[in-house]
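Student: I would like to go through the labels used for this model and ask what stands behind each of them.

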Amino acid sequence: MDLKDLYRDVILDHNRRPRNFGRLEPPARAAPGYNPLCGDQLVVYATLDGDRIGELRFEGSGCAISVASASLMTEAVKGKSRAEAEHLFGLVHALLTDADAATPPELGKLAALGGVREFPARVKCASLCWHTLNAALAGDPTPVSTE
Ligand code: ZN
């Protein structure tokens with residue numbers, strides 16, 4: 001199995017069995033996100049423990065990439081500080097948009113999203129959850145749109 005197959009399997013697995021799927025009740029923060037280009041919609045729920053992300057969940061529906069990306073994101077940033085989460089988003093964004101981007105080990109399974117780069121129309125599918133996470137952490141209930 002080459003790396004591409006492995007990455008595809010990670011995406012398919014997280015789409016079929018999304019991790020941390022569901023809602024959190026207030027006072028957890030929540031923000032809705034929508035990608036009109038594809039029809040992906042999700043809500044990200046988060047609790048903050050000081051500066052750290054405590055619980056993190058999402059629900060919604062969309063294409064395989066949007067669901068898998070949100071699932072991978074929840075696994076990657078749970079327990080991290082907001083600064084660490086933002087740093088990871090920077091790495092993911094580079095991975096999605098920059099063909100020369102490195103794939104540092106700290107990306108972990110998020111590296112599976114690298115294949116999305118070959119489909120520029122799908123980049124917003126993969127980044128929607130991250131923008132929505134930022135809004136949730138900021139306590140901003142204004143719906144996030146990728147447009
Ligand atoms: Zn999509």
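**Labels and their cut-offs**

Tutor: In the hairpin of E1 and E2, 4 residues lie between the strands, and glycine 39 there has a positive phi near 90 degrees. This is a predicted model, in which local features need pLDDT of at least 70 and side-chain atom pairs count only at pLDDT 80 or more, while totals for chains, interfaces and linings use all residues. Residues are numbered from 1 along each chain as its sequence is written, and side-chain values use heavy atoms, with hydrogens and water left out.

Student: What makes E1 and E2 strands, and how do you know that they pair?

Tutor: Strands are DSSP runs of E with at least two residues, helices are runs of H or I with at least four, and both are numbered from the N terminus. Two strands pair if DSSP finds at least two bridges between them. Alanine 31 stands opposite valine 44 in E2.

Student: How do you know that E2 also pairs with E3?

Tutor: E2 and E3 (residues 52-61) are joined by 8 bridges, and the rule asks for at least two, so they pair, again antiparallel. Valine 43 has glutamate 59 in E3 as its bridge partner. In this hairpin, 2 residues lie between the strands, and glycine 50 takes a positive phi near 65 degrees.

Student: Why is the contact of aspartate 5 with arginine 8 called a salt bridge?

Tutor: The term requires a side-chain nitrogen of Lys or Arg within 4 Å of a carboxyl oxygen of Asp or Glu. For aspartate 5 and arginine 8 the N to O distance is 3.6 Å, so the pair qualifies. Both residues lie in helix H1, 3 residues apart, about one turn of the helix.

Student: Why is aspartate 5 called partly exposed?

Tutor: Buried means under 20% relative accessible area, exposed means over 50%, and partly exposed is in between (1.4 Å probe, protein chains only). Aspartate 5 has 26%, so it is partly exposed. Arginine 8, at 47%, is therefore partly exposed too.
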